[in-house]
Amino acid sequence: MMRPETVPGLIGLRVLIVEDEMLVAYDIAMTLEDLGCEVIGPVPTLDEALAAVGSESLDGVLLDANLDGTSSAPIADALVSRSIPFVVVTGYGGLRLPTETLDAAPRVTKPYNLGELAETLTAVFSGSDSADRQ
């Protein structure tokens with residue numbers, strides 16, 4: 001796969017990766033770093049993700065819809081309550097996700113397409129306050 005180039009709207013953004021499949025998580029982490037993001041995590045569990053959401057300064061979150069058989073809906077709810085933008089990453093394609101919060105969120109389907117990932121993240125995350133840091 002070609003190495004992605006930095007994307008001006010993503011440079012310096014602090015993005016948490018919540019993903020239980022470590023190979024996928026590290027692939028996404030490397031991609032986000034190449035796009036210019038500062039990666040937090042990845043974290044593979046509901047509890048670790050909730051702790052990170054509560055303690056880290058975040059510009060956005062890439063959130064796996066299903067963490068080892070557990071819905072990530074509580075994380076999505078915590079993100080909404082803290083006004084942290086997030087993108088759901090799922091292998092379920094266009095299927096309806098278990099809660100309205102997850103189902104209504106912007107979505108990238110696994111296996112992800114680099115162009116789609118960069119475009120979605122830019123659209124969702126580049127409006128955050130730290131986008132002006134560059």
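This is a short walk through one protein model, from its overall layout down to single residues.

Keep in mind that the model is predicted. I start with the parts list. The protein has five helices and seven strands. From the N terminus, the elements run β-α-β-α-β-β-β-α-β-α-β-α. The chain holds 134 residues, and 48% of them count as buried. Now look at contacts between residues at least 6 apart in sequence. Of these, 67% join residues at least 24 apart.

Next, the sheet. Strands of a sheet pair through backbone hydrogen bonds, and the pairing can be parallel or antiparallel. Which kind do we have in this sheet, and in what order do the strands lie? The pairing is parallel, and the order is S2-S1-S3-S6-S7. That makes five strands in an open sheet. S2 and S7 are the edge strands, since each pairs on one side only. Neighbouring strands are turned by 20° against each other on average, ignoring direction.

Let us check two of the pairs. S1 and S2 are joined by four bridges, in the parallel sense. Find Leu16 in the structure. Its bridge partner in S2 is Ile40. Now move across to strand S3, residues 60–64, which pairs with S6, again over four bridges and in the parallel sense. Here Asp64 has Val89 of S6 as its bridge partner.

Something also sits on this sheet. Helix H5 packs on it and touches S1, S3, S6 and S7. The direction of H5 makes about 155° with that of S6.

Stay with strand S1 for a moment. Are its residues buried or exposed? Five of its five residues are buried, so S1 is mostly covered. In a regular strand, side chains alternate between the two faces of the sheet. In S1, Arg14, Leu16 and Val18 are on one side. Val15 and Ile17 are on the other. Every one of these residues is buried, and both faces of S1 are covered.

What lies against S1? Part of the reply is helix H2. The buried residues of H2 pack against S1, S2 and H3. In H2, Ala49, Ala52 and Val53 are buried. They cover an arc of only 100° around the axis, so they are on the same side of H2. On the other side, Asp47, Gly54 and Ser55 are exposed. Turn the model and you can compare the two sides.

Now the helix pair H2 and H3. Two packed helices are described by the angle between their axes and the distance between those axes. For H2, residues 46–55, and H3, the angle is about 5° and the axes are 9 Å apart. Angles under 35 degrees count as roughly parallel. H2 and H3 are therefore roughly parallel to each other. Which residues of H2 and H3 make the contact? From H2 come Leu46, Ala49, Leu50 and Val53. From H3 come Pro74, Ile75, Ala78 and Leu79. Eight of the contact residues are nonpolar, with no polar and no charged ones.

On to some backbone details. There is a cis peptide bond from Gly41 to Pro42, with omega near 10°. Pro42 is in strand S2, residues 38–43. Another cis bond runs from Lys110 to Pro111, with omega near -10°. Pro111 lies in the loop between strand S7 and helix H5.

Two residues have a positive phi without being glycine. Asp68 has a phi of about 50°. Ser83 has a phi near 55°. Where do they sit? Asp68 is in the loop between strands S4 and S5. Ser83 is in the loop between helix H3 and strand S6. To call a residue exposed, we need over 50% relative accessible area. Asp68 has 68%, so Asp68 counts as exposed. Ser83 has 66%, so Ser83 counts as exposed too.

One last stop, Glu33 in helix H1, residues 22–35. With a relative accessible area of 47%, Glu33 is partly exposed. Along the chain, Glu33 and Ile11 are 22 residues apart.

Note on methods:
Residues numbered from 1 in each chain as written. Predicted model: local features only at pLDDT ≥ 70, side-chain atom pairs only at ≥ 80, totals over all residues. Heavy atoms only, no water. Buried < 20%, exposed > 50% of the residue type's maximum accessible area, 1.4 Å probe, protein only. Axes fitted to C-alpha atoms, helices over the stretch in contact; angles between N-to-C directions. Parallel < 35°, antiparallel > 145°, perpendicular 65-115°, else oblique. Contact = heavy atoms within 4.5 Å. Nonpolar A, V, L, I, M, F, W, Y, C, P; charged D, E, K, R; others polar. Pairing = 2+ DSSP bridges. Arc of directions from axis to C-beta.
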